[in-house]
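Welcome! Open your viewer, get ready to select things, and follow along one stop at a time.

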Amino acid sequence: IDARAILGDKQFVFCSRSFDKFLGFNGKQRGIDFSEYQGRPMGTLYPILGCFTITRSSEQWKRLFAEYEKLDDKFKRWYGDQEVLRDFVNLLKVDEFNLVEEAAYACLPEHIGKTAPFIVHYKGNRKNAIT
């Protein structure tokens, strides 16, 4: 993976959601109440995934971490990265960043064969699938 080529002349590269975009968010999960988001489409609620990013400078991570620190504690347990990234990307000018697809750069193992990923993302229960 050539990070410089993917970054090009942009400041950032973010991973956009490919899978379950239209799936309604479950507001009661992991013992946490996210009812304010119940039923919202995942692709609208959390369009950016934190599992693959490229930045020209590490300085923005300090800013993102400061925003993360302001979040309600429940988001520090889950979804905090996606909360902060969604809001950050919404503030950027479109010429400041590139997007890569989850299907290529964070493909879930159950989707291999439907796509030709560079990176497979074994998360959650999927970690047990590693052989």
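**Before you start**

This is a predicted model: local features need pLDDT of at least 70, side-chain atom pairs count only at pLDDT 80 or more, and totals for chains, interfaces and linings use all residues. Residues are numbered from 1 along each chain as its sequence is written, and side-chain values use heavy atoms, with hydrogens and water left out.

**Stop 1: the sheet**

Helices (H or I, at least four residues) and strands (E, at least two) are DSSP runs, numbered from the N terminus. In what order do the 3 strands of the open sheet lie? The order is β4-β1-β5, and the pairing is mixed. Two strands pair if DSSP finds at least two bridges between them. Strands of a sheet pair through backbone hydrogen bonds, either parallel or antiparallel.

Now select 48–55 and 97–101. These are β4 and β5, the edge strands, each of which pairs on one side only. From one strand to the next, the twist averages 25°.

**Stop 2: strand β1**

Select 12–16, which is β1. With β5, this strand runs parallel, joined by 5 bridges. With β4, the pairing is antiparallel, again over 5 bridges.

- V13 has N98 in β5 as its bridge partner.
- F14 stands opposite L99 in β5.
- S16 has I48 in β4 as its bridge partner.

Is β1 enclosed or open to the outside? 5 of its 5 residues are buried, so β1 is largely enclosed by the rest of the structure. Buried means under 20% relative accessible area, exposed over 50%, and partly exposed in between (1.4 Å probe, protein chains only). Show the side chains and you will find both faces covered: F12, F14 and S16 sit on one side, V13 and C15 on the other, and all are buried.

**Stop 3: helix α5 and E83**

Select residues 80–91 to bring up helix α5. This helix lies across β1, β4 and β5, running at about 60° to β4. (Axes are lines fitted to C-alpha atoms, for helices over the stretch in contact, and angles run from 0 to 180 degrees between N-to-C directions.)

Within α5, pick E83. Is E83 buried or exposed? Its relative accessible area is 5%, so E83 is buried. Draw a distance from its side chain to that of Y37: a polar contact of 2.9 Å joins the two. A polar contact is a pair of N or O atoms within 3.5 Å; within protein, one must be able to donate a hydrogen and the other to accept it, and residues adjacent in sequence count only if both atoms are side-chain atoms. Not counting residues up to four places away in sequence, E83 touches Y37, Y46, L71 and F75, where contact means heavy atoms within 4.5 Å.

**Stop 4: the nonpolar cores**

A nonpolar core is a set of buried Ala, Val, Leu, Ile, Met, Phe, Trp, Tyr and Cys residues joined through side-chain atoms within 4.5 Å. The largest one has 20 residues, and F14, F25, Y46 and F75 have the most contacts inside it. β1, α2 (42–45) and α5 each supply at least two residues of this core, with α5 giving the most, 4 residues. Apart from it lies another core, of 11 residues, among them I6, V13, C15 and A106.

**Stop 5: the rings**

Colour the aromatic residues. Rings of Phe, Tyr and Trp (its six-membered ring) pair if their centres lie within 6.5 Å; planes under 30 degrees apart count as stacked, over 60 as edge-to-face and the rest as tilted. By this rule there are 17 aromatic pairs. Zoom in on F34 and F75: their ring centres are 5.5 Å apart and their planes are at 50°, so the pair is tilted. F34 lies in the loop between β3 (32–33) and α2, and F75 in helix α4 (residues 73–77), so the pair ties together parts that are 41 residues apart in sequence. Next, select Y37 and Y46, whose centres are 6.1 Å apart with planes at 85°, so this pair is edge-to-face. Both Y37 and Y46 are buried. Ring pairs link F25, F34, Y37, Y46, F75, W78 and Y79 into a cluster.

**Stop 6: two loop residues**

Finish with D20, in the loop between β1 and β2 (28–29). Its phi is near 60°, a positive value in a residue other than glycine. R30, in the loop between β2 and β3, also has a positive phi, near 55°.
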